[in-house]
Amino acid sequence: MEGMNKGALHPEAKKWKAPKGPKPVHHKNKNVIGLGRTIANQRRMENQIEVLPDGEMRFTTDKKEANWVKLRSVTQENSLDEFLNTAQLADTDFTAEKQQQVKIIKVGNTSIVNQSGLLTQEEMIEMRKKHQLFENKLTIPRRPKWSKDQSKLQIDRQENLSFLSWRRDLATLTENNELLLTPFERNIEVWKQLWRVVERCDLVVQIVDARNPLFFRSTDLEKYVHSLSDPETQHTKKNLLLVNKADMLTRDQRVAWAEYFRARSINYVFFSAAKANELLEKEKEELERLNNMHEADNEKELVEDEDEEEAIRILKIEELEQLFLTEAPEFDDPDFPDRKLQIGLVGYPNVGKSSTINALVGSKKVSVSATPGKTKHFQTINLSPEVVLCDCPGLVFPNFAYSNGELVCNGVLPIDQLREHVPPVSLVTQRIPKYYLEAVYGIHIPIQKKEDGGDGYPTARELLNAYARARGYMTQGFGSADEPRAARYILKDYVNGKLLYVNPPPRRISDSEWDIPTVDEGRDFNKGIYTLRSLPETRQQQIITAMAHKNIPVDEFSLAEDLSKLNFSMHIGEERSKEGEAGAKTLFYGGKQAALESAGDDLDREFFKMNNVEGKLNTPFHTKAVENSKGSGGKKHNKKNKKQDKKLRVVGY
Ligand SMILES: Nc1nc2c(ncn2[C@@H]2O[C@H](COP(=O)(O)OP(=O)(O)OP(=O)(O)O)[C@@H](O)[C@H]2O)c(=O)[nH]1
């Protein structure tokens, strides 16, 4: 107070200043990876004005994206996305395109299927004719020719324009001819990766899923590979079709496919990355065991059928590697005398590229996933001093398809975003026998009787209902079966091979003509695979136990005929038909409606009968519960307990 007064009285007095302390030390911000800095840099980059070589200035508000974002697969676009991407590829701004009245072309026709979502055989044949007619138009984008004098910008521009024209061609093809294509890759960055792989590799290995090899094969890719052979330098390139997941095929199925491949002069090989990896693990374990026990002479035979016919043999890893060496054309580059052999691995997402590489490399260097589209960057792996593997990101090629249901079942349309679940499930019920579906899921599928117009096969909704009710997947409100949820589980099982179906090869009509097999031919081709042994381990055990209860010997058991007699999981055998009830049943859970249909009490009776427990059935737990609740003193006054007491008395006595 005193100081203040003094200041007020003497205006010339010095202004008060803070006492001088030590000088502040400015620490350098060590947080070099700070989020703020990244955002600031990004903003700066985004708002930069670009001066093009022709003097034009360009300013975009586009976000600069990281490389991995650029490589994101684009297989399905809505009209607006498609419009904007088209504008971007055409290197034109939005208004210019708008003035030219750009027509938005919808890629892929979805209105060609009937109500169940499946085509009839006649429609399939019609469609097949169209496919053959336009086969040559089904191309993959080519990299336009470029020279070293061109600037990066010029090359980019011409690549974009050529890519755009390719997309337009495919869009017109599908629109004008009512054709359905696979949801092919629409991101040019992903195709650029493929171009690089094809350009540098001597042998391009196309990996396909053995369950439907032709669906996953791109013939145009093979043509493209050939076209890049350089007669001047004598650098030739070759193709190889690696039919992966061959463990899912029976011997006869492999024979049929081998015949087809040979008749069409397709350079193919059967392989099973899963089995190869399994074997590798076993070998490792065995080696460890031998090292520990010093029992070198006790070496076990790990190899399967050694003397299987060459054409249908599933190759072992060393054999595959050897095949790469022999198949790849020799090329001595005078500029690079130490050049290694380059093997490119190309294929749809989820066909097993990563698993194949893991098997080849022999250790888990590439992560394997059950989610399609995991491999994003083209990467090289040194397999040996002579061989380099080039792994291309999984990409969907443009191929013809018959229905959206088929696309879902082949795993190229995502199941989690499925809108129409009936068509793909219809395909499942058409292909997998009813008894096998029942055995896998431990349910009974009630179907429409033949007298009432049924064809002996469940419809999609019959399967979905039975599955959802048995698992308690009910919708809220009326408590009806949650069919979409059931569909997602069933379709995932189909895609991952738990519900196995192998497509037969096309049928030969004449020397040069091939046709699609009928539904019945497809069923016939697969009839050998639906046996007790192909069921999951736990289910097999359950069924064997149930067989013992019914005194059915294992060697006389037929899954197709005897399954309906057994009680296992939610499946209740048809023996009760003697009591006047019709056929087998499913034990239902959830919802009031489901409770009415529940056969739980019957199952209890059946169970005790099965174990030869005769006489009046007591429920000892309930009695105990009543006694306990009586003896629990204080709690008996609780309203809830009183109610429960009453209920239990009714049930127990
Ligand atoms: N039965 C069987 N399953 C296989 C085989 N090879 C791969 N799989 C399974 O197929 C799924 C996909 O395998 P990945 O190796 O991740 O496939 P990818 O082609 O690398 O997939 P992206 O990384 O998406 O390109 C996995 O669930 C594998 O377990 C095989 O030979 N037999």
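This is a predicted model: local features need pLDDT of at least 70, side-chain atom pairs count only at pLDDT 80 or more; totals for chains, interfaces and linings use all residues.

Biologist: What span should helix α21 have, and how far apart are its end C-alpha atoms?

Modeller: Helix α21 runs over residues 537-549, and at 1.5 Å a residue its 13 residues should span 18 Å. The end C-alpha atoms are 19 Å apart, which agrees.

Biologist: Which residues of α21 are buried?

Modeller: The general idea comes from the turn. An α-helix has 3.6 residues a turn, so residues three or four places apart point the same way. In α21, the buried residues are Arg-539, Gln-540, Ile-543, Ala-546 and Met-547. Their arc around the axis is only 130°, so they sit on the same side of α21.

Biologist: Which residues are exposed on the other side of α21?

Modeller: Glu-537, Thr-538 and Ala-548 are exposed there.

Biologist: What do the buried residues of α21 pack against?

Modeller: They pack against α17 (434-441) and α22 (559-562).

Biologist: Which residue with a positive phi follows α21?

Modeller: Asn-551 follows α21, and its phi is near 55°.

Biologist: Now the cysteines. How many disulfides are there?

Modeller: A disulfide is a covalent bond between the sulfur atoms of two cysteines. With sulfur atoms required to lie within 2.5 Å, the count is zero. For Cys-201, the nearest cysteine sulfur belongs to Cys-390 and is 3.6 Å away, and Cys-201 is in no disulfide.

Biologist: Is Cys-201 buried or exposed?

Modeller: Cys-201 counts as buried because its relative accessibility is 0%. Cys-409 is also buried, with a relative accessible area of 5%.

Note on methods
Residues are numbered from 1 along each chain as its sequence is written. Side-chain values use heavy atoms; hydrogens and water are left out. Helices (H or I, at least four residues) and strands (E, at least two) are DSSP runs, numbered from the N terminus. The expected span of a helix is 1.5 Å times one less than its number of residues. Buried means under 20% relative accessible area, exposed over 50%, partly exposed in between (1.4 Å probe, protein chains only). The arc is that of the directions from the helix axis to the C-beta atoms. Contact means heavy atoms within 4.5 Å.
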